[in-house]
Amino acid sequence: WYCFSAWGLMCGLAVTFERAPVYGATSIPQSRRLCELYGLQWIGMSFTVIPAAQEFIESSSSQQQKSSNLALLVLAINIGCTFAFSIAAGPLRLVNANDNEMKLVPINSFLCAWTAATLIDLAFNK
């Protein structure tokens, strides 16, 4: 969970501070703002992973079931949105990828699959 959270934080920072100025220099300046917002959203989501994972793992009583379901939903949405990046930057890409993106998309896909497998294992073996 820490690895997935750190990955989201790093990607959010990179999108906000590295890619946004590049997109802002194009013919559509608003793309910079959208990229910054997307990066901030990714950073925010990364901060929800650890508390949600801890809540999901620790909640075992029936009283905590609603909290556990919410934590499961938060984690599933995090994984889904992060994997959506792999789809958008991979097969649905609109322009050619640079060298960094050719490396980051497989890493992102692997981390999403690994985290999803961990979540599924926890959900069914709880």
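**Burial and packing**

Reply: Of the 126 residues in the chain, 30% are buried (under 20% relative accessible area, with a 1.4 Å probe and protein chains only). This is a predicted model, where local features need pLDDT of at least 70, side-chain atom pairs count only at pLDDT 80 or more, and totals for chains, interfaces and linings use all residues. Residues are numbered from 1 along each chain as its sequence is written, and side-chain values use heavy atoms, leaving out hydrogens and water.

Me: OK, how many helices and strands does the chain have?

Reply: Four helices and zero strands, going by DSSP runs numbered from the N terminus (helices are H or I, at least four residues; strands are E, at least two).

Me: At what angle do α1 and α4 pack?

Reply: About 150 degrees, with the axes of α1 (residues 2-24) and α4 (residues 99-124) 11 Å apart. Axes here are lines fitted to C-alpha atoms over the stretch in contact, and angles run from 0 to 180 degrees between N-to-C directions. That makes α1 roughly antiparallel to α4 (over 145 degrees).

Me: And which residues make the contact?

Reply: With contact meaning heavy atoms within 4.5 Å, α1 brings C3, F4, W7, E18, R19 and Y23. Among those from α4 are L104, I107, L111 and W114.

Me: Switching topic, what box do the C-alpha atoms fill?

Reply: Roughly 55 × 25 × 20 Å, taken along the principal axes.

Conventions: Angles under 35 degrees count as roughly parallel, over 145 as roughly antiparallel, 65 to 115 as roughly perpendicular and the rest as oblique. Buried means under 20% relative accessible area, exposed over 50%, partly exposed in between (1.4 Å probe, protein chains only).
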